[in-house]
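Hi,

Here is the structure I promised to pass along.

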Amino acid sequence: MKSITVFCGSSFGSHDIYKEQTFLLGKTLARQDIQLVYGGSETGLMGTVANGVLSENGKVIGVLPQFLQTKEIAHKNLTELIIVETMHERKTKMNELCDGVIVLPGGYGTLEEFFEMITWAQLGLHKKPIGILNIDGFYDDLINLVQTMVDKGFLKQANKDMVLISENIDDLLDQMRNYEAPTVGKWISKEEI
Ligand code: AMP
């Protein structure tokens, strides 16, 4: 993997561990020569992951919609800042530029970005690994809900298993490197192959 998109909160959250692990993820990406693609802001965990990469002289590409430039204040020290027109363009560009996705704690925006990427993967539109860094069990309830979707017949187990999960950065990156997209998609059953 040469380039990873990180989706995360534009806030810091209520515990220091979110910020600490986010900064460490940034450092780890830089040390492994992996470029960061993210939302381009200096606010919250978004700014923290960028600062982690930059602290190790790594490369960071920010993708920011014009109308958010003042609200999500643009980070001033990025390797490159790409300004786009819309939120949709932002996600398309972030997808184009990466070969894997990591999701950190965040709010609605983070979850929206995560679910769009995983639904695109489920439809076979891309084959990139998507990992949740489950810092301090932040995503436990979401993982339980996804299991309920499987148990109640709304999601295939194979599509659940597409989401890679770990509380540990190195373990998550290893899982992502070894990931192979399933041949069974949402609309194709094993019998039809
Ligand atoms: P949040 O997790 O709500 O703090 O937001 C994290 C990032 O997601 C911010 O850069 C938001 O601009 C972005 N975001 C919020 N809503 C959306 C959306 N509907 N589509 C794409 N990105 C979004």
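**Helix packing, then the sheet**

Helices α3 and α4 cross in a right-handed way, where right-handed means that the near helix is turned clockwise from the far one by less than a right angle, and left-handed means anticlockwise. Their contact (heavy atoms within 4.5 Å) brings together R90, K91 and N95 of α3 with E112, E113, E116, M117 and W120 of α4. Sorted by class, that contact holds 2 nonpolar, 1 polar and 5 charged residues. The classes are simple: Ala, Val, Leu, Ile, Met, Phe, Trp, Tyr, Cys and Pro count as nonpolar, Asp, Glu, Lys and Arg as charged, and the others, Gly among them, as polar. As for geometry, the axes of α3 (residues 87-97) and α4 (residues 108-122) come within 12 Å and cross at roughly 60 degrees, so α3 is oblique to α4. Axes here are lines fitted to C-alpha atoms, for helices over the stretch in contact, with angles from 0 to 180 degrees between N-to-C directions. Angles under 35 degrees count as roughly parallel, over 145 as roughly antiparallel, 65 to 115 as roughly perpendicular and the rest as oblique.

Before going on, some ground rules. Please keep in mind that this is a predicted model, in which local features need pLDDT of at least 70 and side-chain atom pairs count only at pLDDT 80 or more, while totals for chains, interfaces and linings use all residues. Residues are numbered from 1 along each chain as its sequence is written, and side-chain values use heavy atoms, with hydrogens and water left out.

Overall, the protein has 7 helices and 7 strands; these are DSSP runs numbered from the N terminus, helices being H or I of at least four residues and strands E of at least two. Starting at the N terminus, the order is β-α-β-α-β-β-α-β-α-β-α-α-β-α. The radius of gyration is 16 Å, close to the 16 Å that the globule rule gives for 193 residues, so the protein is as compact as a globular protein of that length. (That radius is taken over C-alpha atoms, and the rule is 2.2 Å times the number of residues to the power 0.38.)

Now the sheet. Its 7 strands are parallel and form an open sheet ordered β4-β3-β2-β1-β5-β6-β7, two strands being paired if DSSP finds at least two bridges between them. β4 (80-84) and β7 (163-166) are at the edges with a single partner strand each, so one side of each has no neighbour in the sheet. From one strand to the next, the twist averages 25 degrees. Strand β3 (residues 60-65) runs parallel to β4 and is joined to it by 5 bridges; L64 has I83 in β4 as its bridge partner.

Helix α7 (residues 169-177) lies across β1 (3-7), β5 (101-103), β6 (130-133) and β7, at about 160 degrees to β7. What does α7 meet in α1? Q21, L24, L25, T28 and L29 of α1 contact I169, D170 and L173 of α7, a set with 5 nonpolar, 2 polar and 1 charged residues.

α1 also packs against α2 (residues 44-55), with axes 7 Å apart and an angle of about 40 degrees, which means α1 is oblique to α2. This crossing is right-handed.

Happy browsing!
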